[in-house]
Amino acid sequence: MLPIRYTNADLDWTDDNSRVVREHNDESERDIELKETTVADWESYDTVYIGYPIWWGIATWPVNNFVKVNNFTHKTVIPFCISASSGLGESGKLLAEMAGTGNWQEGIRFRSIVGESDVKAWLDSLEK
Ligand SMILES: Cc1cc2nc3c(=O)[nH]c(=O)nc-3n(C[C@H](O)[C@H](O)[C@H](O)COP(=O)(O)O)c2cc1C
């Protein structure tokens, strides 16, 4: 079965019957099939950045199956998110628990309108 993409209507959080609202209300609906969960040369990476938008204060749940199926042992994992107003909150911690492996760091939250230079500045600050 192919993954089902989210349409704009699916993402309408103001509609009580939209896909995201149903998934938000019922955790058992959040087991989202992904097109791809493997990363080429995964073993060769020491650091993995996991980025996602925030939905209702947590990471978009389509990310869950990516962290669940990959092995982060011996890797540094850095979460980062974009949101309208919420902070990173517990989103990174929850993903770390789902992953069960990896040395997860405190990540960062960017505004939805983040620019490339903001991201570059953050990456540069991590390398120092
Ligand atoms: C279903 C849904 C739930 C959202 N929940 C939150 C939220 O709890 N807090 C927040 O700050 N932004 C929330 N947002 C806004 C998204 O984080 C925002 O859409 C995302 O950062 C992507 O930005 P863009 O829509 O400008 O591309 C939500 C968006 C959607 C679609």
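User: How many residues of domain 1 are in contact with domain 2?

Analyst: A contact is judged by distance, with heavy atoms within 4.5 Å. In this predicted model, eight residues of domain 1 are in contact with five residues of domain 2. The domain assignment places domain 1 at residues 1-30 and domain 2 at residues 41-127. Their centres, taken over C-alpha atoms, are separated by 22 Å.

User: What area is buried between domain 1 and domain 2?

Analyst: Buried area is the accessible area that two parts lose on being put together, summed over both. Here about 640 Å² is buried between the two domains, and carbon and sulfur atoms give 75% of that area. On the side of domain 1, the residues that lose the most area to domain 2 are Tyr 6, His 24 and Arg 30, which together account for 67% of what that side buries.

User: Which classes of residue form the side of domain 1 that touches domain 2?

Analyst: That side has five nonpolar residues, one polar residue and two charged residues.

User: How many salt bridges and polar contacts are found between the domains?

Analyst: The count of salt bridges between domain 1 and domain 2 is zero. For polar contacts, the rule finds one residue pair across the interface.

User: Which residues are closest to the ligand?

Analyst: The ligand is surrounded by 14 residues, and the closest are Ile 54, Trp 56, Ser 85, Ser 86 and Ser 112.

Note on methods:
Residues are numbered from 1 along each chain as its sequence is written. This is a predicted model: local features need pLDDT of at least 70, side-chain atom pairs count only at pLDDT 80 or more; totals for chains, interfaces and linings use all residues. Side-chain values use heavy atoms; hydrogens and water are left out. Domain bounds come from an automatic or database domain assignment. Buried area is the accessible area (1.4 Å probe) that two parts lose on being put together, summed over both. A salt bridge is a side-chain nitrogen of Lys or Arg within 4 Å of a carboxyl oxygen of Asp or Glu. A polar contact is a pair of N or O atoms within 3.5 Å; within protein, one must be able to donate a hydrogen and the other to accept it, and residues adjacent in sequence count only if both atoms are side-chain atoms. Ala, Val, Leu, Ile, Met, Phe, Trp, Tyr, Cys and Pro count as nonpolar, Asp, Glu, Lys and Arg as charged, and the others, Gly among them, as polar. A residue is near a molecule or strand if one of its heavy atoms lies within 4 Å of it.
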